[in-house]
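This report is written for a reader who is meeting the structure for the first time.

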Amino acid sequence: MHYTGSCKTVIFPLNEDFDVYSMKKETKIRIVACAAGFSLPRYSDIPQVGLYLDQTVQYVNDQFRTFCGVELTPSMVSNYVKKGILSHPVRKKYSRDQISNLMYIVVTKTVLSMENIDTLFKMQREFHTVNGACGSTEAAYDYFCTELERCLAFVFGCSTSLPDPDPADPDEKLLLRSTILSAANKIYLDCCFDALRQESALWADILPDLA
């Protein structure tokens with residue numbers, strides 16, 4: 001392999017273990033590790049006392065800290081409230097319902113428009129309400145958590161199988177699975193490209209010293 005810089009050419013021995021343009025085994029392991037053991041807090045685990053805006057943003061972002069591009073900002077949350085996608089905080093504090101909604105939003109916004117996010121979440125809540133689930137928000141959110149954990153583990157290679165949805169499942173479940181699987185793939189790609197950029201930056205620092 002040849003690396004051509006602005007002034008010098010550095011020649012490396014060609015072998016299957018050294019290729020600056022392919023993803024290294026260590027990098028692949030780091031990417032898989034992003035999703036290893038990933039688990040979201042269930043509805044009952046979310047703080048019962050309300051959280052202020054900055055606390056809410058930090059709480060949600062902490063759950064996804066190992067992934068690239070899955071994050072909220074205070075301005076985003078304020079915008080969701082302004083657009084009516086998220087209800088207004090009470091005394092400037094966000095409740096369990098609102099925090100669980102933000103968990104859903106921070107993932108699905110990677111692949112859906114705000115309008116479609118709002119439509120899909122309303123479908124989920126209505127579905128769980130009609131089917132007699134105790135606490136429609138809680139049931140919808142906990143189901144979302146399970147689906148996301150399964151899809152991320154499969155896409156990142158932490159598990160070798162993903163249960164197929166039942167074709168007889170209602171549209172609400174099938175649409176949610178499609179959305180979450182799309183988001184999981186998008187998150188995976190973002191992590192891969194971020195890792196490749198880090199590799200490239202590392203070689204940019206190392207190669208001049210080898211010249």
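## Charged pairs and cysteines

In this predicted model, arginine 177 has a relative accessibility of 9% and therefore counts as buried, since the cut-off for that class is under 20% relative accessible area. The side chain of arginine 177 meets that of glutamate 147 in a salt bridge, with a distance of 2.7 Å from N to O.

The structure holds five salt bridges, and three of them are set out in the table below.

| Salt bridge | N to O distance | Location |
|---|---|---|
| Aspartate 118 and lysine 122 | 3.2 Å | helix 5 (residues 114-130) |
| Lysine 186 and aspartate 190 | 2.8 Å | helix 7 |

Aspartate 118 and lysine 122 both belong to helix 5, where they stand four residues apart, about one turn of the helix. Lysine 122 has a relative accessible area of 52% and is therefore exposed, because the class begins over 50%.

Lysine 186 and aspartate 190 are also four residues apart, about one turn, and both lie in helix 7. Lysine 186, at 33% relative accessibility, counts as partly exposed, and aspartate 190, at 23%, is placed in the partly exposed class as well. Elsewhere, salt bridges that share partners join Glu147, Arg150 and Arg177 into one network.

The cysteines raise a separate matter: how many disulfides does the rule give? The count comes to zero disulfides. Cysteine 191 is in no disulfide, and the nearest cysteine sulfur, which belongs to cysteine 68, is 4.1 Å away, whereas a disulfide calls for two cysteine sulfur atoms within 2.5 Å. Is cysteine 191 buried or exposed? With a relative accessibility of 3%, cysteine 191 counts as buried. Cysteine 145 is buried too, its relative accessibility being 0%.

Terms used
Residues numbered from 1 in each chain as written. Predicted model: local features only at pLDDT ≥ 70, side-chain atom pairs only at ≥ 80, totals over all residues. Heavy atoms only, no water. Buried < 20%, exposed > 50% of the residue type's maximum accessible area, 1.4 Å probe, protein only. Salt bridge = Lys/Arg side-chain N within 4 Å of Asp/Glu carboxyl O. Helix = DSSP H or I, 4+ residues; strand = E, 2+ residues; numbered from the N terminus.
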